[in-house]
Amino acid sequence: MFPFWDEEDKLFEDLTPSLYSNAQNFVPAIDVYQTKDDVVVETALSGVKPEDVEISIENDVLTIKGQAKKETEIDEKNYYRKEMRTGSFHRSVVLPTHVISDKAEATSKDGVLKIAIPKAPESKIKTIKVKVEKK
């Protein structure tokens, strides 16, 4: 009845490929916040096994990489709609302060990955007085 809707749906699919079945990559949403001692990063990775996630920190930039796999075997042509994310993902974020990357800890609970990274002590400015030498 309204053929232009099909065209609009197709345009939307082209603009947002991470939501559709032909997408091989996606970018997970993240939350970053600070506590007194840590920078905390959380991301929902429902259906992603923790062993399929790689986390690295370099120069105060956190990178999360991984693979979301679908374990069930269903022929592609039998889908009416397929929006569950599968494929690889990659996300990097600059952390809001200097951190001690060697002491970072990651936990996974109920599909949410939580990374706690201790803040580095603030460097204190040291003032140096110039001594005047007498002749």
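This is a predicted model: local features need pLDDT of at least 70, side-chain atom pairs count only at pLDDT 80 or more; totals for chains, interfaces and linings use all residues.
Two strands are said to pair if DSSP finds at least two bridges between them.

**The whole chain.** Display the protein chain as a cartoon. Of the 135 residues, 21% are buried.

**Strands S4 and S5.** Select residues 53-58, which form strand S4; this strand pairs with S5 in the antiparallel sense, over six bridges. Which residue of S5 is the bridge partner of Glu54? Select Lys65 to see this partner. Next, move to the hairpin of S4 and S5, where two residues lie between the strands. Asn59 has a positive phi here, near 55 degrees.

**Strands S5 and S6.** Strands S5 and S6 run antiparallel and are joined by eight bridges. Gln67 can be found opposite Ser88 of S6.

**The nonpolar core.** Show the side chains of Val41, Leu62, Ile64, Leu95 and Ile115. Within the largest nonpolar core, which has 17 residues, these five touch the most other members. Strands S3 (38-44), S5 (61-68), S6 (87-94) and S8 (112-118) each contribute at least two residues to this core.

**Around Leu95.** Finally, centre the view on Leu95. Apart from neighbours within four places in sequence, Leu95 is in contact with Val39, Val41, Ile57, Asp60, Leu62 and Ile117.

Terms used: Residues are numbered from 1 along each chain as its sequence is written. Side-chain values use heavy atoms; hydrogens and water are left out. Buried means under 20% relative accessible area, exposed over 50%, partly exposed in between (1.4 Å probe, protein chains only). A nonpolar core is a set of buried Ala, Val, Leu, Ile, Met, Phe, Trp, Tyr and Cys residues joined through side-chain atoms within 4.5 Å. Helices (H or I, at least four residues) and strands (E, at least two) are DSSP runs, numbered from the N terminus. Contact means heavy atoms within 4.5 Å.
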